[in-house]
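Hi,

I'm passing this structure on to you, as promised. Have a look at it first, and then read on for what turned up in it.

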Amino acid sequence: MKRVNFLHDGATYWSRLRKDLKRNQIIYWMVLPAILYYGIFHYGPMYGAQIAFKTYVPAKGIWASHWVGFDHFKLFFNSFYFWRVLKNTLLINLYQLIFGFPAPILLALLLNEVRVAIFKRAVQTVTYIPHFISVVVVVGIVIDFFSLDGLINRLSSLFGFKPIQFVLEADWFRFLFVGSDIWQGVGWGSIIYLAAIAGIDPSLYEAAKVDGAGRFRQMFSITIPGMAPTIIILFILNIGHFMSVGAEKIILLYNPATYETADAISSFVYRKGLLESSFSFSAAVGLFNSVINFALLIVANRISRNVSETKLW
């Protein structure tokens, strides 16, 4: 009897699915390219993650390569570089979370208070433009501005400060990396928060004005709480790639003199995998990084679900 119910439920499900596909076929055709993209370029390559547990030899292929289990993971955990790249990755992401995450929120709040439309649009345009500049150009700008004879040192010398080799000093790398990241992304990141502010009911502001609330009081009592769900969702997503740092920018900006504070997991994987051809070892390091990110995403979502009504799933 249970089997009959199960088959009946299954037939009902497929019948509903067919009807839904027929009714919304245009929408499904629109979403198909995105599904194919993620399937081919994101989920498909996961098949090759097994080389992290093998000594991969390209001539033999993935299946014929010798299985070594967790040897590459143990080698990474016991290596001299483990604590250095882990520390640098955590610190860079922590600085981005502390200084970079609130920056677009603050910009959106400030722009929301601007009443002169022309000035507001001008500020938005100026802050959006850096987002469309390539990472290579951004790094070139940073190097030119912060070089020994760059603009920053020239300006500081006018006030009696000695020139500093920012690009060659390890202590300044995180400042340059995070600061340029904020400059490039703050305007673009504020768009979603401005959209969240636009969705707040205007009658709330009118009621607050009647009650005598000023603009700062309205900001803290209405605007920020109205943005809270969006802020929480984006915060969870940021936690989900807390262990990830853009390898391209690090590789372009760092040098042997700054390895101590600049070498992150992503750049370490690049050097080991592509420059030294240690494919299995770099795959193990990358898999370790992805697993930690996935675990952090789940934990952050669960905490958010327990303390608020906002969650990813």
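Let me start with Lys272: K272 is buried, with a relative accessible area of 19% (buried means under 20% relative accessible area, exposed over 50%, partly exposed in between, with a 1.4 Å probe and protein chains only). K272 pairs up with E276 in a salt bridge, at 3.1 Å from N to O (that is, a side-chain nitrogen of Lys or Arg within 4 Å of a carboxyl oxygen of Asp or Glu). E276 itself is partly exposed, at 46% relative accessibility.

Before going further, a word on the ground rules. This is a predicted model, so local features need pLDDT of at least 70 and side-chain atom pairs count only at pLDDT 80 or more, while totals for chains, interfaces and linings use all residues. Residues are numbered from 1 along each chain as its sequence is written, and side-chain values use heavy atoms, with hydrogens and water left out.

Back to the charges. The structure has 7 salt bridges. One of them joins R271 and D263, with 2.8 Å from N to O, and both of these residues are buried. R84 comes in here too: R84, D263 and R271 are linked in a network of salt bridges. Another salt bridge runs between R115 and E113, at 4.0 Å from N to O. In that pair R115 counts as exposed, at 59% relative accessibility, whereas E113 counts as buried, at 18%.

Now the aromatic rings. A pair of them is described by the distance of the centres and the angle of the planes. Rings of Phe, Tyr and Trp (its six-membered ring) pair if their centres lie within 6.5 Å; planes under 30 degrees apart count as stacked, over 60 as edge-to-face and the rest as tilted. By this rule the count comes to 27 aromatic pairs. Take Y56 and F279: their ring centres are 6.1 Å apart and their planes stand at 80°, so the pair is edge-to-face. The two sit in distant parts of the chain, 223 residues apart, with Y56 in the loop between β1 (54-55) and α3 (61-64) and F279 in helix α16 (residues 279-307). (Helices, H or I with at least four residues, and strands, E with at least two, are DSSP runs numbered from the N terminus.) Y56 is partly exposed, at 25% relative accessibility, and F279 is partly exposed at 32%.

F101 and F235 also make an edge-to-face pair, 5.6 Å centre to centre and with 70° between the planes. This pair again links distant parts of the chain, 134 residues apart: F101 is in the loop between α5 (81-100) and α6 (102-113), and F235 is in helix α12 (residues 215-240). F101 is buried, at 12% relative accessibility, while F235 is partly exposed, at 35%. There is an aromatic cluster as well, formed by F76, F77, F80, Y81, F82, W83, F268, F281 and F288.

How do α8 and α9 lie relative to each other? The axes of helix α8 (residues 135-146) and helix α9 (residues 151-158) come within 4 Å and cross at roughly 25°. That makes α8 roughly parallel to α9 (angles under 35 degrees count as roughly parallel, over 145 as roughly antiparallel, 65 to 115 as roughly perpendicular and the rest as oblique). The axes are lines fitted to C-alpha atoms, for helices over the stretch in contact, and angles run from 0 to 180 degrees between N-to-C directions. D144, F145 and F146 in α8 meet L151, I152 and N153 in α9 (contact means heavy atoms within 4.5 Å).

Q50 lies in the loop between α2 (25-43) and β1, and Q50 is buried, at 16% relative accessible area. Leaving aside residues up to four places away in sequence, Q50 touches I62 and W63. S277, in the loop between α15 (265-275) and α16, has a phi near 60°, a positive value in a residue other than glycine.

Best wishes
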